[in-house]
Amino acid sequence: MNVRTKLLVSLLAMAALCGGCGAVGLLFLGRVDASVSRFSEVATPLLAESTALVEEVQRMSGVFLAEIGHGRREPDGSPILRAMGEDAGRRLGRIGSLGREWLEPELIARGTRNAQDFTRLSLDLIAAHRRREEVLAATEARAREALAQQQQIDAKLVRMAALAEIAMARSEDEAKVEAQTGRATVESLGERFTATMTGTFPTLQTVYRLVRLSSEIRNAAATALAQTDPERLAAERRRIESGLRGAGVSLRQLAGRVRVLGQEEAELAALSQTFVALEASLLREDGALASHGWRLALDAGLADGRGRLEALERDFYGLIARIDRAVRSRNEAARTEAGASVHRAKLIILALTGFAVLASTVLALRLAAAVTGPLARLTQGVLDVRPESMDVAVDPALGARADEFGILARSFDTMLREVRQARQQLLAASEAEIRLQFERLDAAVANMSQGLCMFDPDGRLIIANERYRAMYGHAPDEVRPGTSLTALLTARIARGCQLKAGQLDAAEWLAAHRTGQAHVRIDELADGRAIAVSLQPLPDGGCVVTHEDITERRRAEERIAFLAYHDVLTGLPNRARFTAALVAALDGRGAQAAIAVLYLDLDHFKAVNDTLGHPVGDALLQAVAGRIQSCLRPQDLVARLGGDEFAIVQVGPDQPAGASDLAGRLIAEVGRPYALMGHHVVVGTSVGIALAPADGTAPDRLMKCADMALYRAKGDGRGAYRFFEPAMGAQMEERRALEIDLRQAVRERAFHLHYQPLLNLRTNRVSGFEALLRWTHPHRGPVPPDGFVPLLEELGLIREVGAWVLETACRDAAGWPTDVKVAVNLSALQFRERAVVRDAAAALEASGLPPGRLELEITETVLLQDTDETLATLHALRESGLRISMDDFGTGYSSLSYLRRFPFDKIKIDRFFVQDLETKADSAAIVRAVTGLSHALGMTTAAEGVETHRQLEKLRAEGCTEVQGFLISRPRPAAEVGAMLEQAGAIFVPRAA
């Protein structure tokens with residue numbers, strides 16, 4: 001028999017023993033379960049019905065309380081309560097059926113009667129409560145009626161009292177007048193006094209008595225409606241009746257004096273009727289007091305009914321408690337019986353378990369004797385196996401067995417032979433892998449970007465790579481293993497690889513090597529190279545040294561450091577370097593030393609960029625930087641702050657003379673012509689100067705002051721320098737305030753348009769209007785256009801405002817006669833943003849104005865900006881049907897090529913030529929030339945600034961097409977354009993001079 005069969009037989013025997021014990025235990029447990037089940041069939045449903053009955057009664061109480069507490073419910077709760085009562089009766093019937101063997105029949109019958117009485121009494125109380133709510137609503141309605149009637153009475157009585165007092169006051173005033181004028185006599189005053197005392201005064205007393213009675217009736221009614229005692233309610237009713245009788249007497253007294261108050265009898269009758277209605281609202285059978293009495297009676301009945309209902313509920317809960325005690329008593333008896341049965345079953349199962357354990361132990365000992373012996377010998381053979389010795393022999397007797405232990409022993413012997421063979425193969429493969437790794441390590445060391453060498457504890461070379469040998473120019477025989485550190489250093493010095501300050505100190509390196517600590521240093525060699533040398537100690541006392549050539553990296557770091565504080569284009573210090581130098585100068589300023597900060601900005605630099613391109617602009621900035629440096633002393637510092645802005649720090653005791661001299665030299669030097677990339681370029685510079693400590697000692701403050709002085713220099717005509725003055729701060733603040741107000745005006749569209757007419761000299765009629773932008777400041781009043789339009793351009797708001805002007809002008813012109821056009825000025829910035837085509841199209845579409853009635857006026861400055869793009873925009877506008885005119889012709893960068901490249905519809909002659917037309921022949925010649933050129937090109941002409949009749953006739957004689965100016969009309973608001981057109985219905989005659 002093999003081991004498997006022995007184990008199977010033993011397990012089957014133990015299973016049989018356990019099965020027998022389990023069968024006996026199940027037999028006894030079945031008996032216990034049958035006993036418990038018989039009781040559960042009755043007790044469990046009975047307890048469930050009892051619990052459900054209690055919940056049903058509680059729900060009935062909840063429904064009743066909801067009806068009583070919240071008034072009438074929707075839907076009505078009475079059917080629900082009736083159904084609950086019937087359900088409670090049915091549950092009591094089921095409880096009686098389940099517990100018929102041990103529950104008293106009288107107990108069930110009494111509970112059924114109790115449930116029926118509870119239901120019936122609850123329904124009666126709900127009906128009574130609803131009746132009480134109806135009576136309460138009627139009482140409140142009557143009370144509101146009475147309150148309204150009392151308010152009417154009070155209002156009428158107050159009016160009567162006022163009339164009486166007025167009559168008395170009038171009589172008194174008349175008596176005073178008679179006394180003052182001397183017309184009063186004793187007899188007349190006596191008669192007036194008698195009339196007052198017998199007429200007006202008694203009437204006033206009667207009215208006040210009615211007011212008091214009305215107040216007493218109101219207070220008595222309020223007290224009565226708040227009473228819960230019927231006797232007190234009756235007493236207050238008697239008070240009301242007494243007050244109403246007194247009011248009736250006073251009303252009859254008042255009826256005889258109604259004329260005294262100046263009232264009609266109908267008004268007094270209305271007051272009497274109101275008192276009658278008040279009496280009905282309070283005292284009749286359906287009045288407020290009667291309804292309140294009925295409510296008190298219903299409240300007493302409800303209180304009594306609720307007491308009886310609570311008694312029924314307590315009795316019902318007592319019955320349920322008796323049923324519950326009976327069920328629990330029966331349950332305890334059944335539990336005791338089941339406990340005895342379980343105890344007997346435990347004893348029998350314990351005896352059978354003990355027998356099964358004993359039998360299993362005997363079988364286990366016999367099985368152990370047959371299994372553990374061979375298993376222990378086999379385990380010992382396994383434990384004898386060691387990594388250093390695999391020669392272990394298995395017991396031959398164990399291997400000769402035919403059972404599983406024999407098979408396991410033979411398999412273990414075979415496995416040992418295979419492991420020994422695999423070990424030999426693994427050793428051979430490991431040696432090959434180690435050789436490969438050494439080859440890879442050697443390749444990595446040879447191809448490192450750093451030079452590497454390794455030394456033993458005695459300072460002799462173990463290995464050095466090719467990069468180390470090439471870095472210092474060593475011959476191959478100089479870096480053989482075993483070479484001392486001293487010999488290496490000596491050979492290196494012999495080849496010229498020494499420090500700038502002298503030769504390498506071999507003793508120093510030997511000392512660092514022997515300390516056993518890491519060491520890093522930078523060697524500056526005589527040939528200009530920088531070598532980073534790092535020594536790392538090894539656990540055996542040797543060390544590894546790496547050498548890295550960091551020459552290029554150091555140069556790159558120096559370049560980055562330079563760029564961090566210098567301008568890339570000009571090589572000058574940048575803003576950060578300038579600020580640091582200014583701070584250092586201020587901190588190191590002596591007691592007598594003064595510091596000047598000069599802020600420079602190139603004049604007309606933007607025009608160079610726009611016309612000649614950015615490469616020429618960059619070359620110009622580099623040339624300007626060179627000229628500025630040529631004007632400075634070695635101790636002065638110049639920086640480029642950005643764009644075409646430069647700043648200079650000048651330190652010296654000769655201020656402000658030194659700053660003035662330097663500024664003059666800078667303006668002269670920078671203003672000289674430049675020859676750049678085949679172009680002749682001329683620019684200027686403006687300079688703002690701030691002095692420390694006079695203008696401040698903080699860098700930001702000095703720069704701000706210099707900036708304000710620069711702003712003043714540009715405003716004074718450019719090409720000049722200005723020192724900071726305290727008034728400039730106020731002007732700058734004023735400008736900032738104007739800027740803020742202007743931004744708000746743009747947001748709120750606080751602008752308006754004025755229109756100046758253009759007179760056609762052939763027809764002497766108004767042919768159109770020029771739209772002129774106006775702004776009325778909320779505090780400063782009207783601001784001239786040159787005071788805010790340049791600021792709009794500077795702030796970048798002209799695009800938005802220009803679109804609004806186009807839209808408004810087109811909308812206004814749409815209401816003019818169809819032969820009258822409107823002209824709108826365009827800023828050069830609107831062309832730069834390339835949005836003018838869309839804005840014009842949107843304005844025309846929104847207003848419905850034909851394109852031929854809109855004329856756009858541009859200056860010659862527009863044509864200087866990216867000429868090809870600008871001409872493309874002009875052609876797009878012209879193709880859409882708009883008219884294009886050149887404004888201020890002859891005052892800017894006039895070029896006849898513009899007239900050839902783009903066919904303008906009109907040329908406007910500037911007022912500069914018109915104002916001297918009568919006195920200067922050259923002005924007349926220029927006007928004649930412009931009109932002749934325009935006629936030849938098919939263009940019309942318009943002259944601006946016409947203020948005299950002689951100018952008008954002269955322009956007519958020279959062939960000018962249109963004129964405008966104060967002689968024709970000043971610019972007028974849009975609301976006055978219609979009136980002016982009506983006045984111009986006939987041939988327009990200019991005003992007399």
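A crossing of two helices is left-handed if the near helix is turned anticlockwise from the far one by less than a right angle, and right-handed if clockwise. This is a predicted model, in which local features need pLDDT of at least 70 and side-chain atom pairs count only at pLDDT 80 or more, while totals for chains, interfaces and linings use all residues. Residues are numbered from 1 along each chain as its sequence is written, and side-chain values use heavy atoms, leaving out hydrogens and water.

**Overview. The protein has 30 helices and 22 strands.**
Helices (H or I, at least four residues) and strands (E, at least two) are DSSP runs numbered from the N terminus. The protein is 993 residues long, and 41% of them count as buried. Buried means under 20% relative accessible area, exposed over 50%, and partly exposed in between (1.4 Å probe, protein chains only). Take the contacts between residues at least 6 apart in sequence: 67% of these join residues at least 24 apart. Here contact means heavy atoms within 4.5 Å.

**Close-up A. Helix H21 packs against helix H23.**
Look for residues 798–813, which form H21, and residues 836–847, which form H23. Their axes lie 8 Å apart, at an angle of about 30°, which makes H21 roughly parallel to H23. Axes are lines fitted to C-alpha atoms, for helices over the stretch in contact, and angles run from 0 to 180 degrees between N-to-C directions. Angles under 35 degrees count as roughly parallel, over 145 as roughly antiparallel, 65 to 115 as roughly perpendicular, and the rest as oblique. The crossing of H21 and H23 is right-handed. On the H21 side you can find Arg-799, Ala-803, Leu-806, Glu-807, Cys-810 and Arg-811, and they meet Arg-838, Asp-839, Ala-840, Ala-843, Leu-844 and Ser-847 of H23. Sorted by class, this contact holds six nonpolar, one polar and five charged residues. (Ala, Val, Leu, Ile, Met, Phe, Trp, Tyr, Cys and Pro count as nonpolar, Asp, Glu, Lys and Arg as charged, and the others, Gly among them, as polar.)

**Close-up B. Helices H14 and H18 cross at roughly 110°.**
H18 covers residues 699–715, and its axis comes within 10 Å of the axis of H14. The two helices, H14 and H18, are therefore roughly perpendicular to each other. H14 passes H18 in a right-handed crossing. From H14, the residues making the contact are Phe-578, Leu-582, Val-583 and Leu-586, and from H18 they are Pro-699, Leu-702 and Met-703. By class, seven residues in this contact are nonpolar, with no polar and no charged ones.

**Close-up C. His-566 sits in the loop between helices H13 and H14.**
H13 spans 551–564 and H14 spans 575–587. His-566 counts as buried because its relative accessibility is 18%. Its side chain reaches the backbone oxygen of Phe-562 at 2.8 Å. Setting aside neighbours within four places in sequence, His-566 is in contact with Gly-571, Leu-572, Pro-573 and Asn-574.

**Close-up D. Arg-883 belongs to strand S18, residues 883–889.**
With a relative accessible area of 25%, Arg-883 is partly exposed. Asp-905 is 22 residues away along the chain, and its C-alpha atom is separated from that of Arg-883 by 6.0 Å. Not counting residues up to four places away in sequence, Arg-883 touches Lys-821, Gly-852, Leu-854, Glu-855, Leu-856, Asp-905 and Thr-940. The side chains of Arg-883 and Glu-855 are joined by a polar contact of 3.4 Å. A polar contact is a pair of N or O atoms within 3.5 Å; within protein, one must be able to donate a hydrogen and the other to accept it, and residues adjacent in sequence count only if both atoms are side-chain atoms.

Pro-656 is placed in the loop between strand S8 (645–652) and helix H17 (657–670). Pro-693 is in the loop between strand S11 (684–692) and H18.

**Close-up F. Met-677 has a positive phi, and Asn-764 has one too.**
For Met-677, a residue other than glycine, phi is near 55°. Met-677 lies in the loop between strands S9 (674–676) and S10 (679–681), and it counts as exposed at 56% relative accessibility. Asn-764 also has phi near 55°. Its loop runs between strands S13 (751–760) and S14 (765–777), and Asn-764 is partly exposed, with a relative accessible area of 21%.
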